[in-house]
Structures are given as structure tokens and as C-alpha cells.
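The sequence and structure come first, and the notes follow.

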Amino acid sequence: MNILVIHGPNLNMLGKRDEKHYGSFTQDELYQEIADYFEHIEFSFFQSNHEGELIDVVQQAEEDNYDAILINPGAYTHTSIALRDALELVSLLKVEVHLSNIEEREAFRQIDYIKDVCHMRFMGKKIDSYIEAIKYIEHSIM
Ligand code: DQA
């Protein structure tokens, strides 16, 4: 199984962001923890601060033969209809993930444009949101 993990803007700055919401680990540490936990799964990690680059990778995902997309679009969650449209086009299993609980934060974070074009959403548990999301992908695909 090969899962494409997509990270949007500012997630490359993990470790420097508000610890309360995002923890103190870096993006590389997050990636490593996932890879160590699911040794039997292949991961491709992609991060970009640019909306169009995220869309390009989503559009290409089926052709690149991934089994699923796990996406944390960062702030594009709350703004990007273009990313939503790209995800809608892809018929892979798509799972949305967030470190923080966006439902319990500022009102603008409660707008989620990608929620209903993904099969499931996990959030609020920092790295454990990712672990739960990948377990969901495993069970859905097997
Ligand atoms: C985030 C939540 C977003 O609101 C924020 O802009 C992020 C990270 C999360 O993982 O909790 O960059 O997606």
C-alpha cells in the first residue's frame, strides 16, 4: 500500500508553531513517527506553501498509482475551493487530517471546504490524528 501524504502551507514550520495546537515536533519527526508506526506501508510525503503545487500533486495522484491520499491542507482547508475541486476529481480514498481541533478554534477555521470531498476527517489529536487516519485507510482498503 502506498499513501500520498500532502501537507499545505506552514506545516514545514512545525516545531516553531504554537505548541498548544500543533505540538513541539518538527514535520520530519512527524513523518518519521508515521513511517515507524506503519512499517508495512509505503509513504510519499509532499509539502508545499503554494496552492497550485498542491493541486498539481492531487491531480497526478491516480496516475501515480497511490492507494490513498492523506491531506492536511493547513490554512487552505478554510480558503481553497480550487483544492476542493481537485480533490473532488480524484476517485482515490481521500482522508483529511488536522493536528488541532479546527471545530473548537476561531470561527474562520470552522469553514472547511474539503470536508465533504474527503471520505473521513480526523483532527484534534496532534500526531494521533494521523495514526487514526492511517488506520482508517488501512481498514478501508483491505
Ligand atoms: C491545521 C489547522 C489549520 O487551521 C491551520 O491553518 C494549519 C494547521 C492543523 O493541522 O491543525 O496550518 O491544518
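Asn65 sits in the loop between α3 (51-60) and β3. The model is a predicted one.

- Asn65 has a phi near 65 degrees, a positive value in a residue other than glycine.
- Asn65 counts as exposed because its relative accessibility is 60%, and the cut-off for exposed is over 50%.
- Lys126 also has a positive phi, near 50 degrees, and is not a glycine.
- The position of Lys126 is in the loop between β5 (120-122) and α5.
- With a relative accessibility of 28%, Lys126 counts as partly exposed.
- For background, most residues other than glycine have a negative phi.

- β3 is mostly covered, with five of its five residues buried.
- Ala68, Leu70 and Asn72 are buried on one side of β3, and Ile69 and Ile71 are buried on the other.
- In a regular strand, side chains alternate between the two faces of the sheet.
- β1 pairs with β3 in the parallel sense over five bridges, and Ile71 in β3 is the bridge partner of Ile6.
- β3 also pairs with β4 in the parallel sense, over four bridges, and Val95 in β4 is the bridge partner of Leu70.
- Between β3 and β4 the chain passes through helix α4 (residues 81-89), and this β-α-β crossover is right-handed.

**Nonpolar cores**

- The largest nonpolar core contains 24 residues, and those with the most contacts inside it are Ile3, Phe43, Leu70 and Ile134.
- Two or more residues of this core come from each of β1 (2-7), α2 (27-37), β3 (68-72), β4 (93-97) and α5 (127-141).
- α5 supplies the largest share of this core, six residues.
- Apart from this core lies another, of 19 residues, including Ile55, Tyr76, Ile114 and Cys118.
- Which residues does Leu70 touch, not counting those up to four places away in sequence? They are Ile3, Leu4, Val5, Ile6, Val95, Val97, Tyr130, Ala133, Ile134 and Ile137.
- In soluble globular proteins, nonpolar side chains tend to be buried together.

**Ligand surroundings**

- The residues around the ligand are Arg17, Tyr22, Asn72, Gly74, Ala75, His78, His98, Leu99, Ser100, Ile102 and Arg109.
- Asn72, one of these ligand neighbours, is also one of the buried residues of β3.
- From an oxygen atom of the ligand to an N or O atom in the side chain of Arg17, the distance is 3.0 Å.
- A polar backbone atom of Leu99 is 2.8 Å from an oxygen atom of the ligand.
- For Ser100, an N or O atom of the side chain is 2.6 Å from a ligand oxygen atom.

**Ser80**

- Ser80 is located in the loop between β3 and α4.
- Is Ser80 buried or exposed? Ser80 is buried, because its relative accessible area is 0% and the cut-off for buried is under 20%.
- Leaving aside neighbours within four places in sequence, Ser80 is in contact with Glu51 and Tyr113.
- With Glu51, the contact includes a polar one between the two side chains, at 2.5 Å.

Terms used: Residues are numbered from 1 along each chain as its sequence is written. This is a predicted model: local features need pLDDT of at least 70, side-chain atom pairs count only at pLDDT 80 or more; totals for chains, interfaces and linings use all residues. Side-chain values use heavy atoms; hydrogens and water are left out. A nonpolar core is a set of buried Ala, Val, Leu, Ile, Met, Phe, Trp, Tyr and Cys residues joined through side-chain atoms within 4.5 Å. Buried means under 20% relative accessible area, exposed over 50%, partly exposed in between (1.4 Å probe, protein chains only). Contact means heavy atoms within 4.5 Å. Two strands pair if DSSP finds at least two bridges between them. A crossover is right-handed if, with the strands pointing away from the viewer, the path from the first strand over the helix to the second runs clockwise. A residue is near a molecule or strand if one of its heavy atoms lies within 4 Å of it. A polar contact is a pair of N or O atoms within 3.5 Å; within protein, one must be able to donate a hydrogen and the other to accept it, and residues adjacent in sequence count only if both atoms are side-chain atoms.
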